[in-house]
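Could you walk me through this model in my viewer? I would like to know what to select at each stop and what I will find there.

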Amino acid sequence: MKLNLNCIRDSLLCLEEHLLIENNDGDLELITVDMYELHELLEGRYSLEEVAYTLLKTEEAGLITAAFNYASDCLDEAVVCSITYNGHQFLEAIRPKTVWEKICSAISKIGIGSIHTVLEISKALLPDLIESALSH
């Protein structure tokens, strides 16, 4: 299965919003999200298979912490516990829609669409973004 970078970005944005909530006592309570819930939260933009594969690969890349349960050699469940520090760094590098569009454009030109490539492109864009922000 091909890794869908849009699914990675959308999943991380969604997980960031839904993994941590405040309970009635004012204490923060960690809420997990499983692959079925994430699929629903993404409103059908991606198949369940794409969501599950995205969770497997983002966990391998160290962007999330998750637990996986297999039954009969098939992925039965994936539960995301948190976004890692590296996951937050990755998300911040790709969060702005304009940056994401530039990254996707560059990927289509060079033909390499890995998580590492996305980070390298975002780093290359950073000096121009900083200069633009400082000049306004």
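This is a predicted model: local features need pLDDT of at least 70, side-chain atom pairs count only at pLDDT 80 or more; totals for chains, interfaces and linings use all residues.

Setting aside neighbours within four places in sequence, you will find Thr-117 in contact with Ile-107, Ile-110 and Ile-112. Thr-117 itself belongs to helix H6, which covers residues 115-135. Is Thr-117 buried or exposed? Its relative accessibility is 11%, so Thr-117 counts as buried, the cut-off being under 20%.

Next, select residues 5-18, helix H1, together with residues 48-60, helix H3. These two helices pack at an angle of about 80 degrees, and their axes are 10 Å apart. Because of that angle, H1 is roughly perpendicular to H3. Colour them by class and you will have 5 nonpolar, 3 polar and 1 charged residues.

Now for two stops in loops, where the backbone is worth a look. Most residues other than glycine have a negative phi.

- Select Glu-43, in the loop between helix H2 (35-41) and H3. Its phi is positive, near 55 degrees. Glu-43 has a relative accessible area of 67%, so this residue is exposed.
- Finish at Ser-72, in the loop that links strand E4 (64-71) and strand E5 (74-83). Here phi is positive too, near 55 degrees, in a residue other than glycine. With a relative accessible area of 71%, Ser-72 is exposed.

Notes: Residues are numbered from 1 along each chain as its sequence is written. Side-chain values use heavy atoms; hydrogens and water are left out. Axes are lines fitted to C-alpha atoms, for helices over the stretch in contact, and angles run from 0 to 180 degrees between N-to-C directions. Helices (H or I, at least four residues) and strands (E, at least two) are DSSP runs, numbered from the N terminus. Angles under 35 degrees count as roughly parallel, over 145 as roughly antiparallel, 65 to 115 as roughly perpendicular and the rest as oblique. Ala, Val, Leu, Ile, Met, Phe, Trp, Tyr, Cys and Pro count as nonpolar, Asp, Glu, Lys and Arg as charged, and the others, Gly among them, as polar. Buried means under 20% relative accessible area, exposed over 50%, partly exposed in between (1.4 Å probe, protein chains only). Contact means heavy atoms within 4.5 Å.
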